[in-house]
There are 2 protein chains.
Amino acid sequence: MKSTIRDVAKYANVSISTVSRVMNAPDTVVEEKRVKVLEAIEVLQYQPNGFARGLIYKKSDTLGVMIPDIENPYYAGLIRGMQDAAVMLNHSLMICNTDRDKKRTIAYVQTFFEKQVDGIIFTSDSLHEEYYEEMQRYRLPFVLASTNAPEYDIPSVDIDDEQGAYEAVKHLIELGHRRIGMISFPLGHTISGEPRYAGYKKALLEFGIVHNTDEIEFAEHRFEHAYEASERLFARCSELTAIFAASDEFAMGVISYLRDHGKSVPDRMSVIGFDNIRMAQMFIPKLTTIDQPTYDIGYRSVEKLHELITNGEVAVLREKLPHQLVIRESTRMI
Amino acid sequence: MKSTIRDVAKYANVSISTVSRVMNAPDTVVEEKRVKVLEAIEVLQYQPNGFARGLIYKKSDTLGVMIPDIENPYYAGLIRGMQDAAVMLNHSLMICNTDRDKKRTIAYVQTFFEKQVDGIIFTSDSLHEEYYEEMQRYRLPFVLASTNAPEYDIPSVDIDDEQGAYEAVKHLIELGHRRIGMISFPLGHTISGEPRYAGYKKALLEFGIVHNTDEIEFAEHRFEHAYEASERLFARCSELTAIFAASDEFAMGVISYLRDHGKSVPDRMSVIGFDNIRMAQMFIPKLTTIDQPTYDIGYRSVEKLHELITNGEVAVLREKLPHQLVIRESTRMI
């Protein structure tokens, strides 16, 4: 039988109004009682239904957003989309930068709970078990933006990374390239690492090109890492004519490395990126890339969280938005 | 005589604990009483002193940050610095994107108050009278980062924009340039507009170069605006050999325009930017620019807000951090 707020109050040996306050204005409840109530909620798996939730929880009309690295231009488009949807739905956004640091991420979940956010958007990082448990503990509705978690039933909005990577590499092959290197995220990155590498291999396989693991190099997150990875890759593989970079920032790092070594793009090497960040069209040469609809991912993730908060469930659990090959100047026929 | 919490309670006809709750956990006080208390606070100009504030206000260890346009890479460095200082001082940051929209900015002040932030950092926009009044109304301590407000005594951290612009243009003159155009922010931008234009004029004057108002064009905020402004400027002034762009994004817009019209930088035109955003050294050519210590501005602004919250005052009201000319590839001797 589903437990009620009365059960929680009884179990924790506090009044119903204290339970309500723990969910509504936790700062006003002393630590000791608050912990007891949270424990009771957990033990009894108490979950107010959509309607009761509205009665019990006070809506703050604020959503918490977790971003791994606010300095990375990839997130700019996402945040812009979230912002516009939030304005439309009359929510405020509170954005926190986690630096992909576990302790900090978990601390922010607690902070968000204390600030009484109505829900959380968790962006672009792997959903570690600890994060999942922490959000469950506080009963905070949350959705994943630009990431997903196959192992849990959490609403998510992102793209098909493997298919995007496949199309990027196919584009290079159709331009006549056969020796195609890759600058990849570490494969441990469940979203941008493994699936994009799988797409690269799939395209090579489909066109009967032997995949040589020498022709891939790994970079952490940033321009400078890709610049250094290029140095290692080109020292090893002198016959490459094209590079699939797993992000636009990586593509810029590759192009800068080549340019610093007297090789212009696309004359001497074709380079395709991934993401279509704002800079992709400002860069010289303008980047050929796979467009991720970051604005739409941001916008939809807020709508989805709103749906989850309002209805207690979402119509579509895992939403994949369409990506698109954008051909500009950094790739050419050979 | 200074008014006390007792006076406020009496004036508002509520208990002292209600006044305390309005400051501490406003969500737990019904709207009607809350408004009465806030009015009383305003009328009596009630301001708890540093020590009493600590007793009355509950510290949330959260700081609110207002950013005008999170898509603009200029803010990335600032936010990174704020983040690091916040971690060091054990604060969480809540970041909001205002879009320079007055209604939204004012709504965020209210939201921050309700979320019980300890203070606000207001970034890089003009401090309009309405903003000032709203923050006063809620007695929220705040500091200005990358902006300042000569008309109020508000702690601020920024650079000397006029001097920075002066040094940028002086660099061009020392390279032999005499016909120097400018892509400026609208002069109504009190920080990045007027002072940078003043620095440009000052340098020309000092070297006996006649300032021709034809040689300046205005752009709003972004790359594409600068691209369009370049079109207007070069259609009018064909003899320019150098451009001072009031931001790095503007410099990239100018360089892209020139490049799309067959003129390479710096061979056919020298271009200097302003800010030294992360992209400045990724761009091709790498930008010569005026480095703003954005990380330090962010870091110091959090430290300053912490000082203000802790002590009720700051040692240095208006802090100017050092900028620096960074010579890279986009300017050359003629």
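Analyst: Domain bounds here are those of an automatic or database domain assignment. The model is predicted. For chain A, the assignment gives domain 1 (5–57), domain 2 (62–159 + 294–321) and domain 3 (161–291).

User: What distance separates the centres of domain 1 and domain 2 of chain A?

Analyst: Taken over C-alpha atoms, the centres of domain 1 of chain A and domain 2 of chain A are 24 Å apart.

User: What makes Cys96(A) and Cys237(A) count as buried?

Analyst: A residue is called buried when its relative accessible area is under 20%. Cys96(A) has a value of 0%, so Cys96(A) is buried. Cys237(A), at 8% relative accessibility, therefore also counts as buried.

User: Why is helix H5 of chain A described as mostly covered?

Analyst: With buried meaning under 20% relative accessible area, 12 of the 15 residues of H5(A) (residues 74–88) are buried. Among them are Tyr74(A), Leu78(A), Arg80(A) and Gln83(A). Just after H5(A), Asn90(A) adopts a positive phi of about 65 degrees.

User: What makes S7 and S9 the edge strands of the open sheet in chain B?

Analyst: The sheet has 4 strands in the order S7-S6-S8-S9, with parallel pairing. Strand S7 (216–218) and strand S9 (270–272) of chain B each pair on one side only. From one strand to the next, the twist averages 15 degrees.

User: How do you know that S6 and S7 of chain B pair?

Analyst: Pairing requires at least two bridges between the strands. Strand S6 (residues 180–184) of chain B is joined to S7(B) by 3 bridges, so the two parallel strands pair. Ile183(B) stands opposite Glu217(B) in S7(B).

User: Which strands does helix H8 of chain B touch?

Analyst: Helix H8 (residues 161–174) of chain B packs on the sheet and touches S6, S8 (242–245) and S9 of chain B. The direction of H8(B) makes about 170 degrees with that of S8(B). Helix H10 (residues 223–236) of chain B lies across S6, S7 and S8 of chain B, at about 150 degrees to S7(B).

Terms used
Residues numbered from 1 in each chain as written. Chains lettered and ligands numbered in written order. Predicted model: local features only at pLDDT ≥ 70, side-chain atom pairs only at ≥ 80, totals over all residues. Heavy atoms only, no water. Buried < 20%, exposed > 50% of the residue type's maximum accessible area, 1.4 Å probe, protein only. Axes fitted to C-alpha atoms, helices over the stretch in contact; angles between N-to-C directions. Contact = heavy atoms within 4.5 Å.
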